[in-house]
Amino acid sequence: MMETITKSGSFDQASIAEVSAYWNARPCNIRHSPKPVGTREYFDEVEARKYSVESHIPRFAEFERWRGKKVLEIGCGIGTDTINFARHGAQVTAIDLTEKSLEVARQRAKVFGLEDRICFVQANAERLSDYVPAAPYDLVYSFGVIHHTPDPGHVIEEIKKYTHPGSSVRIMVYNTWSWKVLWILFGYGKGQFWKLDRLIAQHSEAQTGCPVTYSYSRRQGRRLLERHGFRVTDVKVDHIFRYSIPEYVRYEYKTVWYFRWMPRRLFRVLERLFGWHLCLTATPQ
Ligand SMILES: C[S@@+](CC[C@H](N)C(=O)[O-])C[C@H]1O[C@@H](n2cnc3c(N)ncnc32)[C@H](O)[C@@H]1O
């Protein structure tokens with residue numbers, strides 16, 4: 001049976017130049033703090049906001065587990081997770097498509113005195129081995145990246161070149177069967193499900209109009225890795241954004257009314273069922 005992995009026809013016309021232009025114009029999480037970009041206070045606030053709103057990230061990354069190990073991060077953005085791998089003693093190679101993100105991430109490494117623990121490389125993950133010599137890493141990690149590139153399958157194929165039998169591959173891609181997609185479909189799309197892929201891309205990020213955003217069911221996520229020779233050992237869904245956006249952009253955290261009444265435990269159940277983040281852990285076969 002033909003698997004819809006890249007959802008052919010949706011974004012295969014998008015170019016890597018468009019993807020790069022979009023992320024270069026506004027790197028991911030760049031407005032997570034109002035402090036001057038590049039200062040220690042700025043980076044501390046970015047991290048605090050990110051891990052408070054997306055508290056599943058440290059659980060998924062297990063930063064402390066990679067002390068003394070080699071980590072390859074694909075799509076590091078402004079380097080929040082990168083810094084934490086390095087801070088916990090990993091030797092990190094961090095790549096991103098965009099110059100602007102890397103500029104901020106490099107500054108971050110400098111501010112925290114972690115430059116000797118991180119090698120930053122500007123690279124297109126679809127052709128990673130053209131930029132980073134193929135060598136085995138203990139962890140290949142990519143959070144919220146692979147679904148933004150025109151051909152995610154190419155990235156997974158490239159990742160294979162950086163693994164050994166004991167490597168762990170941890171990737172987060174967006175979950176189709178999620179609260180967020182429902183919200184996009186009915187909040188913005190007037191229920192036009194036949195336009196769903198486009199609607200998701202239009203509204204998936206803080207800034208509208210992302211050129212490429214794929215999403216995956218649990219099964220499609222598994223298959224994305226399995227068809228490139230990985231064995232998926234864990235699949236978890238997490239994260240529903242529960243804050244009211246007008247306040248959130250002002251750095252105030254007001255839960256939207258329909259989640260405010262909900263017991264925390266029930267909300268967690270909802271997140272584990274219909275969260276936006278599909279977190280996959282795999283090893284080479
Ligand atoms: C949503 S951000 C995630 C950044 C970071 N992982 C984080 O969690 O903050 C997506 C990132 O993927 C990068 N990206 C998209 N396509 C890429 C590609 N083909 N190669 C390398 N990086 C890519 C973008 O430049 C952007 O920084």
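I call a residue buried if 20 or more other C-beta atoms lie within 10 Å of its own, exposed if 12 or fewer, and partly exposed in between, with C-beta atoms placed from the backbone. By that rule, buried residues make up 39% of the 285 residues in the protein chain.

Notes on the source: this is a predicted model, where local features need pLDDT of at least 70, side-chain atom pairs count only at pLDDT 80 or more, and totals for chains, interfaces and linings use all residues. Residues are numbered from 1 along each chain as its sequence is written.

Overall fold: I went through the secondary structure and got twelve helices and seven strands in the protein chain (DSSP runs numbered from the N terminus, helices being H or I of at least four residues and strands E of at least two). I also noted that the C-alpha trace spans about 50 × 45 × 35 Å along its principal axes.

I30: I found I30 in the loop between α1 (16-25) and α2 (40-53). I30 counts as partly exposed because it has 19 C-beta neighbours inside 10 Å. Leaving out residues up to four places away in sequence, I30 touches V37 and I78 (contact means C-beta atoms, placed from the backbone, within 7 Å).

Ligand: I looked up the 24 residues around the ligand, and W23, C28, G75, G77 and A125 come nearest (near means a C-beta atom, placed from the backbone, within 6 Å). The elements giving two or more residues to this shell are α1, α4 (80-87) and β2 (91-96). α1 gives the most, with three residues.

Notes:
Contact = placed C-beta atoms within 7 Å.
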